[in-house]
Structure formats: C-alpha cells, structure tokens
Amino acid sequence: TQSLISDLVPSHKSQEFDVIILEYFTRALDGLYDLAKRLRGRYPDASIILINVWQPNQINWFEDGTLVGNLQEWAESNSLDFKSSDFFEKLKDPSLDLRWWGFEQRDTVAQKIRRDF
C-alpha cells in the first residue's frame with residue numbers, strides 16, 4: 001500500500017501503481033465505488049483487485065431448506081475439529097447444504113465496480 005512505501009519514494013515524485021487491492025466486505029457501502037472510480041482515473045493501467053475477506057461463520061448450514069446455523073456450528077454439532085481431515089472429508093458429502101451468507105447491497109457495489117472499471 002502507499003503507506004508502506006511512502007518513506008521510500010521522495011515526496012516530490014509521483015507514485016505509480018501496477019496493482020491496487022481493495023478489501024470490500026465491510027466497506028462496500030461507504031464509498032468504495034467512488035474510491036475505485038478515483039483510482040481508475042488516476043491509474044488507468046493498474047489492475048484493481050477486489051478482495052472479499054470471509055470467515056467460516058459466514059457460511060450458512062441448512063437442513064431441509066431451513067437455516068440451522070453456520071459452518072462452525074455444523075462442525076461442532078458433528079463433533080468435528082474445525083481444521084481436521086475428518087472435517088474436510090465430511091464437507092464432501094453431497095447432501096450437506098451449505099450456502100454463502102449474502103449481503104446483496106455490498107455485492108451489488110462490487111459487481112458495479114467490476115463492470116465499470
């Protein structure tokens with residue numbers, strides 16, 4: 001990021017970036033689109049990468065179409081150590097219904113950024 005390299009580049013020189021990484025899980029509704037627009041204008045040749053950082057509790061577990069809990073709760077209910085090989089083997093069960101926790105407004109902003117920039 002710019003803050004990590006600002007001490008290495010003299011202040012009178014313009015900085016150019018090849019890659020810009022934006023984490024958008026929590027900030028998509030707080031000006032992320034406007035930031036991406038400004039960055040695209042300033043750095044037209046840079047690649048912009050959107051990263052959605054997620055946690056296991058954001059994966060929902062369903063049974064018979066009804067929300068039961070999240071992935072971590074599923075593991076606990078099956079007495080599985082969350083990082084064990086048994087845990088990963090059980091994830092392969094085709095009858096296991098896991099779905100991403102959605103945030104439609106945030107995802108819409110990210111889709112607009114992908115489309116426009």
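This is a predicted model: local features need pLDDT of at least 70, side-chain atom pairs count only at pLDDT 80 or more; totals for chains, interfaces and linings use all residues.
## Nonpolar surface patch

Five residues, Val-19, Ile-21, Ile-49, Ile-51 and Val-53, make up a nonpolar patch on the surface. Together they have about 400 Å² of accessible area. Two strands each supply at least two residues of this patch: strand 1, residues 19-23, and strand 2, residues 47-51.

Ile-21 belongs to strand 1. Its relative accessibility is 53%, so Ile-21 counts as exposed, the cut-off for that class being over 50%.

## Asn-60 in strand 3

Strand 3 spans residues 59-63 and contains Asn-60. Is Asn-60 buried or exposed? Asn-60 counts as buried because its relative accessibility is 14%, and the buried class takes values under 20%.

Apart from neighbours within four places in sequence, Asn-60 is in contact with Leu-67, Gly-69, Asn-70, Asp-97, Leu-98, Arg-99 and Trp-101. One of these residues, Arg-99, also lies over the face of Phe-62, 3.8 Å from the ring centre.

## Aromatic pairs

Four aromatic pairs are found in a search of the whole structure. In one of them, Tyr-33 and Phe-117, the ring centres are 5.2 Å apart and the planes stand at 50°, so the pair is tilted. Tyr-33 lies in helix 2 (residues 32-42), while Phe-117 lies in the segment after helix 5 (104-116); the pair therefore ties together parts that are 84 residues apart in sequence. Tyr-33 counts as partly exposed at 23% relative accessibility, and Phe-117 counts as partly exposed at 25%.

Phe-87 and Phe-88 form an edge-to-face pair, with 5.0 Å from centre to centre and 80° between the planes. The two residues fall into separate accessibility classes: Phe-87 is buried, with a relative accessible area of 3%, whereas Phe-88 is partly exposed, with 45%. Both belong to a cluster in which ring pairs link Trp-74, Phe-82, Phe-87 and Phe-88.

## Charges over rings

Which residue has its charged end over the ring of Tyr-33? Lys-112 does, with its charged end 5.1 Å from the ring centre. The ring of Tyr-33 thus has two partners described here: the ring of Phe-117, in a tilted pair, and the charged end of Lys-112.

The ring of Phe-62 has Arg-99 over its face, and Arg-99 is also among the contacts of Asn-60.

Terms used: Residues are numbered from 1 along each chain as its sequence is written. Side-chain values use heavy atoms; hydrogens and water are left out. Patches are made of residues with over 30% relative accessible area and no salt bridge: like charges are joined within 9 Å, nonpolar side chains (Val, Leu, Ile, Met, Phe, Trp, Tyr) within 5 Å. Accessible areas come from the Shrake-Rupley method with a 1.4 Å probe; for residues, only the protein chains shown count as cover. A salt bridge is a side-chain nitrogen of Lys or Arg within 4 Å of a carboxyl oxygen of Asp or Glu. Helices (H or I, at least four residues) and strands (E, at least two) are DSSP runs, numbered from the N terminus. Buried means under 20% relative accessible area, exposed over 50%, partly exposed in between (1.4 Å probe, protein chains only). Contact means heavy atoms within 4.5 Å. Rings of Phe, Tyr and Trp (its six-membered ring) pair if their centres lie within 6.5 Å; planes under 30 degrees apart count as stacked, over 60 as edge-to-face and the rest as tilted. A charge sits over a ring if NZ of Lys or CZ of Arg is within 6 Å of the ring centre and within 35 degrees of the ring normal.
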